[in-house]
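Dear colleague,

Please find below the structure that I promised to pass on to you. My notes on what was found in it follow directly after.

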Amino acid sequence: MAVIFPRWTNSIPLAIGLAGPIVLGSVVFAIWYWGSPKFTDVGYAPTQPVPFSHQLHAGAMAMDCRYCHNAVERGAGSAVPPTATCMNCHSKVLTDSPRLAKVRESWETGKAVEWVRVHMLPDYAFFNHSVHLAAGVGCASCHGRIDQMAVVAQAEPLSMGWCLECHRNPAPHIRPPDVSVTDMEWEPDFSKVDANPPSRTGGRPVVPPEHCSGCHR
Ligand code: HEC
Ligand code: HEC
Ligand code: HEC
Ligand code: HEC
Ligand code: HEC
């Protein structure tokens with residue numbers, strides 16, 4: 001009998017059987033990996049347990065960001081405020097609003113409100129608020145116009161490329177000493193080009209790290 005298929009072709013079905021799931025798996029992984037919020041998270045605006053509005057509190061009422069986010073300048077974190085901060089006012093204002101029921105419940109039980117985290121870097125990237133604020137980079141450069149948001153949405157990608165874009169030329173974002181880092185109206189001047197501008201206190205030059213170990217420690 002003539003040999004139509006050489007002997008090695010016997011293994012083709014097996015190879016397809018093995019490779020198929022691997023290829024399919026890779027495609028699924030790629031879609032999951034590149035399509036996951038890590039890469040598309042600009043605009044991420046989860047629904048919060050309490051309909052707290054920055055537009056009202058930080059915008060219309062013009063409260064300073066640090067009244068609630070008072071840890072930003074000191075530490076690496078900048079945790080969301082405890083219920084006690086809300087109760088400074090809401091023990092007197094809108095005391096029976098159903099929209100504040102979870103805040104009152106938290107106050108009575110001592111259990112924190114379960115705010116959903118909006119901005120989050122992976123563990124392998126190091127970030128510290130206080131250094132940026134001390135250098136004169138304002139909240140709006142990284143978080144956008146929070147004072148106009150009824151629901152907080154992520155304004156910037158927080159990707160490595162985004163961090164580096166500013167680190168290579170921070171000058172446009174360095175505010176003059178008389179402008180607060182929490183001022184939401186101030187606009188960066190993108191015509192400025194200076195990789196190491198003087199720090200806003202007039203002292204040493206600002207030198208944001210561009211080497212890997214600066215952010216991956
Ligand atoms: C009255 C208190 C209060 C004030 C004032 C306030 N915030 Fe907030 N902020 C909160 C609370 C509560 C949350 C969590 C719920 C949410 O995301 O809306 C939050 C969340 C945030 C987040 C998102 C945190 C995350 O999970 O990633 C950012 C960024 C933020 N605030 C920035 C600001 C800035 C900038 C200002 C000043 C313009 C400001 N906040 C003023 C209470 C406040
Ligand atoms: C400096 C005072 C003050 C602080 C601090 C404050 N609020 Fe308010 N909040 C107000 C006032 C005043 C209003 C009502 C504005 C209006 O409707 O006239 C309000 C309205 C609200 C509303 C809308 C309620 C409704 O029935 O429409 C929510 C929700 C709310 N605040 C949540 C919070 C949370 C959560 C915190 C803490 C992170 C907080 N507030 C901290 C003063 C404050
Ligand atoms: C240089 C960019 C930058 C500036 C300036 C900046 N932030 Fe952030 N912020 C971030 C990044 C990045 C994260 C996510 C941090 C993480 O996951 O470790 C974050 C997270 C937060 C969070 C989430 C909660 C937490 O504990 O991390 C809050 C609240 C916040 N920022 C408020 C502020 C406020 C208020 C200001 C101004 C006073 C400010 N940020 C200025 C980049 C910035
Ligand atoms: C808008 C400009 C800007 C953005 C965006 C920015 N940075 Fe920076 N970064 C600075 C400036 C300015 C300094 C201060 C350098 C100095 O004081 O010499 C700095 C300093 C640092 C430092 C060194 C200080 C320290 O704590 O050791 C680290 C690390 C850092 N940034 C990480 C990040 C990461 C991670 C991101 C992105 C998630 C980021 N930065 C986004 C401007 C920026
Ligand atoms: C200014 C801060 C900064 C510097 C400098 C930096 N990285 Fe990153 N890197 C980040 C951040 C932030 C992320 C997380 C990005 C994300 O979540 O999308 C990241 C992610 C990564 C990843 C994960 C893959 C990815 O793209 O998400 C690798 C690998 C990496 N960095 C390698 C490096 C190497 C190599 C260098 C030096 C040439 C370097 N990084 C320098 C901030 C930095």
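To begin with a term: a residue is called buried if its relative accessible area is under 20%, exposed if that area is over 50%, and partly exposed in between, calculated with a 1.4 Å probe on the protein chains only. Please keep in mind that this is a predicted model, in which local features need pLDDT of at least 70 and side-chain atom pairs count only at pLDDT 80 or more, while totals for chains, interfaces and linings use all residues. Residues are numbered from 1 along each chain as its sequence is written, chains are lettered from A and ligands numbered from 1 in the order in which they are written, and side-chain values use heavy atoms, with hydrogens and water left out.

I start with ligand 3. The iron atom of ligand 3 is coordinated by His-129 (NE2) and His-143 (NE2), at 2.0 to 2.1 Å, where donors are N, O and S atoms within 2.8 Å of the metal (3.2 Å for Na, K and Ca), and sites may look incomplete because water is not among the atoms. The six donor atoms make angles of 87 to 179 degrees, and the site is octahedral, a word used for six donors if opposite ones are over 155 degrees apart and all others between 65 and 115. This pair links distant parts of the chain, as His-129 is in helix H7 and His-143 in helix H8, 14 residues apart; helices (H or I) are DSSP runs of at least four residues, numbered from the N terminus. His-129 is buried, with a relative accessible area of 18%, whereas His-143 is partly exposed at 21%.

Around ligand 3 there are 19 residues, of which Leu-121, His-129, Cys-139, Cys-142 and His-143 come nearest; a residue is near a molecule if one of its heavy atoms lies within 4 Å of it. A backbone N or O atom of Leu-121 lies 2.8 Å from an oxygen atom of ligand 3, and a polar side-chain atom of Arg-117 is 3.2 Å from an oxygen atom of this ligand.

The iron atom of ligand 4 has His-132 (NE2) and His-167 (NE2) as its protein donors, lying 2.0 Å from it. Its six donor atoms make angles of 86 to 179 degrees, and this site is octahedral. His-132 lies in helix H7 (residues 129-135) and His-167 in helix H9 (residues 160-168), so the two tie together parts that are 35 residues apart in sequence. Here His-132 is partly exposed, with a relative accessible area of 26%, while His-167 is buried, at 12%.

Finally, what are the protein donors of the iron atom of ligand 5? They are Met-160 (SD) and His-216 (NE2), lying 2.0 Å from the iron, and the arrangement is octahedral because the six donor atoms subtend angles of 86 to 179 degrees. Met-160 lies in helix H9 and His-216 in the segment after H10, so this pair ties together parts that are 56 residues apart in sequence. Met-160 is exposed, with a relative accessible area of 55%, and His-216 counts as partly exposed at 34%. Of the 15 residues around ligand 5, those that come nearest are Pro-122, Met-160, Cys-212, Cys-215 and His-216, and H9 gives the most to this shell, with four residues.

With best wishes

Terms used: Tetrahedral: all angles 85-135°; square planar, octahedral: opposite > 155°, others 65-115°. Polar contact = N/O pair within 3.5 Å; in protein donor to acceptor, adjacent residues only side chain to side chain.
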